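This report describes one protein structure for a reader who is new to the subject. Please look at the sequence and the model before reading on.

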Amino acid sequence: MGDLSLKVDPGTPPPPPATVPVRAPVSAALRLLGWLGVLIRHDALTPREITPLLPVWARWIARLLHLFAGREGREGRPGQRLGKAFEHLGPVAIKLGQVLATRADIFGVEFARDLGRLKDALPAFPVDQARREVERSLGRPVEALFTEFGPAVAAASLAQAHPARLADGRKVAVKILRPGVERRVAQGLDSMRLAARLAVRFVPLSRRLQPSAFVETIARALTLELDMRLEAAAASELKEIMAKPDAQGVTGHMDAPAVIWDGVGKRVLTLEWATGLPLTDPNAILQPGLDVNALADNVVRSFLSQALDHGAFHADLHEGNLFCHAPAELTAIDFGIVGRLGPAERRYLAEILWGFISRDYDRIARVHFEAGYVPPEHSIEAFAQALRAVGEPVIGKQASQVSMGRLLGQLFEITDLFDMHLRPELILLQKTMVSVEGVARRLNPDHDLWAAAQPVVERWIRRELGPQAQIRDAVDELRATLKALSKLAQNPPQARTVIVREARTPVWVIVCVTVAICASVAALVLSLWPTIV
């Protein structure tokens, strides 16, 4: 085993995920062309509704593509057409659609609502097939574990959920992977890897975003999501995390169903039934006694509490995975993707958030440089000035007064100006932050993200960076030093005798070299003799 006492330099980013080669380049290329055709056929690549907004040169291309739109491209709104296209493209595209559906503030409420059906309203496979999957995965008949087993109540991109009842009367949800989903995910990822390589080669602007590292990070998360045993372990871990109170007795602002381990297999997961209604249900926010503002705060605070206090967070927090009930209680499901942060990343996240809350842009800039997010050749003061240009128009304003599209565009310009590259280890964190803010804004269009985050971040800063924390760190360093000195006293370094020997060249080597030199000189003289004479 290695030395567990070794410390990793937090300013040095961990190596990016290993790049996996494209297994079937020809099939992947044909599949990419097929995806492009599906988007064109559904009029989802350049929707006719936005054609007048495009530059003049792009309008001609868009009008040409509209000629190839099929019947699917002539019916419905842009969000509906894109949702149907994503259904055809498979699980990887559906995951992307789920993230887009959380950003009503960027794409519009109607567009987000139309994409919302991708979260849990996809076509389900038959219940008879589901029963066979359960029996194959658990190795026993359905009746041996469940007294009731009903048809699917929710179907998502990778799996669907069935209501069931245990022998002791408890209602449970049985999550079953779709048949053949592993093959479709592998094929989709193969095409994404090819698309990433093409982007790196032909789109120089994309290289800063490290497309290949991005794809491999998502691929790793999806691969883990296809094993229900790992999801069961994640659900159990996050339930314990959410139940832990802080120093003020406040829990994680969210709950998780208990795992029924007798009903867990590679392709099957059984959880206690989640209370309340899913946030995708229009009646969810109409429940009597429900405090929508507090619910939006809890979405943000639960995510930050998991990430900052424990370094492990639910990384797929869209409306389809959140249930609510009065007064402002949240229950999370679907634990296939779990994000993890090391101590250094947690400190950087907390300090950056606290810097925005306290409007200390110099501190935010220094944290970015310390973390290695900004190359050292740039100016800290100039970066702080750029951050001020982003933060000042936003801090303290209601969400409805902030254009997220304009804000994201400005942030992207700043990252380009200061040569900031995508950090693969932060992809899940950034994705989840986008989803969480989108969910909060859907609940409360005027939600103040910074006000919701302040109690959690302030508590973390006080605990980890305050005077007590400094004393604790000093004591820990002193203890580590004393421990090292104790080991040194118990096992002092052994004195080593160094013997210096004079190296002598063997006689035969000297003779051979001398003969070779004489022969070379003689050959040179003979070759030049006619000239000399």
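## Overall organisation

Among contacts in the protein chain between residues at least 6 apart in sequence, what percentage join residues at least 24 apart? The value is 70%, where contact means heavy atoms within 4.5 Å.

The model is predicted: local features need pLDDT of at least 70 and side-chain atom pairs count only at pLDDT 80 or more, while totals for chains, interfaces and linings use all residues. Residues are numbered from 1 along each chain as its sequence is written, and side-chain values use heavy atoms, with hydrogens and water left out.

The protein chain contains 19 helices and 10 strands; these are DSSP runs numbered from the N terminus, with helices being H or I of at least four residues and strands being E of at least two.

## Surface and burial

The protein chain has 533 residues, of which 44% are buried. Buried means under 20% relative accessible area, exposed means over 50%, and partly exposed lies in between (1.4 Å probe, protein chains only).

Carbon and sulfur atoms account for 61% of the accessible surface of the protein chain, which comes to about 28,700 Å². Accessible areas come from the Shrake-Rupley method with a 1.4 Å probe, and for residues only the protein chains shown count as cover.

## Val20 and Glu216

Val20 lies in the segment before α1. Val20 counts as partly exposed because its relative accessibility is 22%. Leaving aside neighbours within four places in sequence, Val20 is in contact with Arg193, Arg197 and Glu216. Between Val20 and Val215 there are 9.7 Å in space, C-alpha to C-alpha, although they are 195 residues apart in sequence.

Glu216 belongs to helix α9 (residues 211-225). Glu216 counts as buried because its relative accessible area is 5%. The side chains of Glu216 and Arg193 make a polar contact at 2.8 Å. A polar contact is a pair of N or O atoms within 3.5 Å; within protein, one must be able to donate a hydrogen and the other to accept it, and residues adjacent in sequence count only if both atoms are side-chain atoms.

One cavity of 30 Å³ or more is counted. A cavity is a set of points, on a 1 Å grid over the protein atoms alone, where a 1.4 Å probe fits but cannot get out; lining residues have an atom within 4 Å of a point. Leu39, Ile40, Asp43, Leu45, Thr46, Leu65 and His66 line the largest cavity. The elements giving two or more residues to this lining are α1 (25-41) and α2 (56-66).

How values were computed:
On a 1 Å grid over the protein atoms alone, a cavity is a set of points where a 1.4 Å probe fits but cannot get out, and a pocket is an open set with protein on both sides within 12 Å along at least five of seven lines; lining residues have an atom within 4 Å of a point. Grid points are joined across faces, edges and corners, and a volume is the space filled by probe spheres set on the points.
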